[in-house]
Amino acid sequence: MGYDRDLAELVRELTAGEEGVTERPMFGGLAFLVGGNMAVAASRQGGLLVRTDPREAAELEDGDRVRPMVMGGREMHGWLHVDADAADEAGDVGQWVARGVSYARSLPVKKRRR
């Protein structure tokens, strides 16, 4: 299953005014990076992948529609998978995107690999 192109377009619109945002296909989805750090992505499993402060991630989880991202069977601390209905239901896509962009912006800028 490919990522939700409408959701990716919404994320693109929400990040349009942000400085230093780039897009890159990653993990079968479309990631939006700030200063080379992934902030948010339209996931190939549907919904969003959102990067958050690891100390705040547990408070945001609901165990059902907002849960830790798992990659290779391992939970990725500070990364959340937000189901499409969790973001859509309350119109929270903008809030999730803002959270991911804010956290990515707080990290050191990554130097580009050649």
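Modeller: Gladly! A salt bridge here is a side-chain nitrogen of Lys or Arg within 4 Å of a carboxyl oxygen of Asp or Glu. Keep in mind that this is a predicted model.

Colleague: How many salt bridges does the structure hold?

Modeller: The general idea is that side chains of opposite charge can pair when their charged atoms come close. In this structure there are five salt bridges. Take E23 and R12: their closest N and O atoms are 2.7 Å apart. This pair links distant parts of the chain, with E23 in strand β1 and R12 in helix α1 (residues 5–15), 11 residues apart.

Colleague: Which residues are linked with R12 and E23 in a network of salt bridges?

Modeller: E9 joins R12 and E23 in that network.

Colleague: What does the salt bridge between E18 and R105 tie together?

Modeller: The side chains of E18 and R105 meet with an N to O distance of 2.8 Å. E18 sits in the loop between α1 and β1, and R105 in helix α4 (residues 93–105), so the pair ties together parts that are 87 residues apart in sequence. Both ends are partly exposed: E18 has 33% relative accessibility and R105 has a relative accessible area of 40%.

Colleague: And the pair of R55 and D53: is R55 buried or exposed, and is D53 buried or exposed?

Modeller: Buried means under 20% relative accessible area, and exposed means over 50%. R55 is exposed because its relative accessible area is 69%, while D53 is buried because its value is 13%. Their side chains meet in a salt bridge at 2.7 Å, N to O.

Colleague: Now the backbone. What is the phi of F27?

Modeller: Most residues other than glycine have a negative phi. F27 has a phi near 55°, a positive value in a residue other than glycine. F27 lies in the loop between β1 and β2 (29–34), and its side is partly exposed, at 41% relative accessibility.

Note on methods
Residues are numbered from 1 along each chain as its sequence is written. This is a predicted model: local features need pLDDT of at least 70, side-chain atom pairs count only at pLDDT 80 or more; totals for chains, interfaces and linings use all residues. Side-chain values use heavy atoms; hydrogens and water are left out. Helices (H or I, at least four residues) and strands (E, at least two) are DSSP runs, numbered from the N terminus. Buried means under 20% relative accessible area, exposed over 50%, partly exposed in between (1.4 Å probe, protein chains only).
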